[in-house]
Amino acid sequence: MYGGFLKFECLLCSFSITTSKNKIMKLFKSLLFFFLLNTIFSCSTTSVMKLRPVEQESFSDSGKQIVKQEKNGVKVVASYDGRFEQYMVFDVEVFNNTNQPLTISPKNFTFTPLDENKQNLISADGKYIYSYQGIEPQEQINYVQYEMANQEAKIKRARVVNTFLFVGGIVALIAGGSGRSESAWRTAQLGETVVQVAQVKRIIDHTNYYSKMDKLNREGQVWSQENFRTSTLQPGQSMRGGVFLESNPRAKFVQLSYKTENELINFLFEQWFEERR
């Protein structure tokens, strides 16, 4: 069904562009103008979030400042690895040095933003203290798949609507063109406007669709490549991977915590931003 609509839409599109070439050229010139403006402003400076460990011993490896700590047979090694979307990414490895199986999860990690006095950062309305839990990759993969299915359904609905707009506009254009009265002229003008609206809407719909699908594909690839997921470590085993926690740009210090069975393993980092082009 949709294939037939699309073929018909393409034929109608060719006819409509021939009848309204000058207006379509003006439209594309406007789109080109806004594209050039966007390109110019995209060259502005950006802020890069930086973290470094404080109040604990650290060592440098491949440009990263690495910290480690062990409690009750559970050892955690961590370093700040950068950002992805709204998340801070930490490269962590958890070792099970106990004599029994250990269940680990990204959700065992919490991130607490602190102010300049190393006190908990509180919301502007004073109602809650900021605290974030590690992200489970499989949950994000499921969310990406759900959103991709939504986008597919939305573009299919948009194609049907655009096709009917095209048909209605062309019918009005032809009907108005067959007469010489003022009413026929207005009908033709209305038909031409509807066709142009359908063309612009089609461009916007497909641009949004491809943009969102590209973003979802990138996110899906990132989450699918992450190895640090909920699992069980046998004695002597370890697991390494990226742990994602939501960032807070207001923080001056951040505390990364790992929850063991009885207590927390804490790491303190200073946070600041560098301007880069």
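These are my notebook entries on one chain and a few of its residues.

**Entry 1: the whole chain**

I opened the file and noted that the model is predicted. I started with the secondary structure. The chain has four helices and 12 strands. Next I looked up burial. Of the 277 residues in the chain, 36% are buried. I then asked for the accessible surface, and the chain came out at about 16,900 Å². Carbon and sulfur atoms account for 54% of that surface. Last, I checked how far along the sequence the contacts reach. I took contacts between residues at least 6 apart in sequence, and 69% of them join residues at least 24 apart.

**Entry 2: Gln140**

I moved to helix H3, which spans residues 137–177. Gln140 lies in this helix. Is Gln140 buried or exposed? Its relative accessible area is 18%. The cut-off for buried is under 20%, so Gln140 counts as buried. I then looked up what Gln140 touches, leaving aside neighbours within four places in sequence. The list reads Tyr87, Ile135 and Trp223.

**Entry 3: Leu165**

I stayed in helix H3 for Leu165. I read a relative accessible area of 28% for Leu165. I set aside the neighbours within four places in sequence and listed the contacts of Leu165. They are Val194, Ala198 and Lys201.

**Entry 4: Glu55**

I turned to the backbone angles. Glu55 has a positive phi of about 65 degrees, yet it is not a glycine. Where does Glu55 lie? I found Glu55 in the loop between strand E1 (46–54) and strand E2 (59–61). The relative accessible area of Glu55 is 60%. Exposed means over 50%, so Glu55 is exposed.

**Entry 5: Ser62**

I noted a positive phi for Ser62 as well, at about 55 degrees. Ser62 is not a glycine either. I placed Ser62 in the loop between E2 and strand E3 (64–71). Which relative accessibility does Ser62 have? I read 72%, so Ser62 counts as exposed.

**Entry 6: recap**

Glu55 is exposed, and Ser62 is exposed.

Conventions
Residues are numbered from 1 along each chain as its sequence is written. This is a predicted model: local features need pLDDT of at least 70, side-chain atom pairs count only at pLDDT 80 or more; totals for chains, interfaces and linings use all residues. Side-chain values use heavy atoms; hydrogens and water are left out. Helices (H or I, at least four residues) and strands (E, at least two) are DSSP runs, numbered from the N terminus. Buried means under 20% relative accessible area, exposed over 50%, partly exposed in between (1.4 Å probe, protein chains only). Contact means heavy atoms within 4.5 Å. Accessible areas come from the Shrake-Rupley method with a 1.4 Å probe; for residues, only the protein chains shown count as cover.
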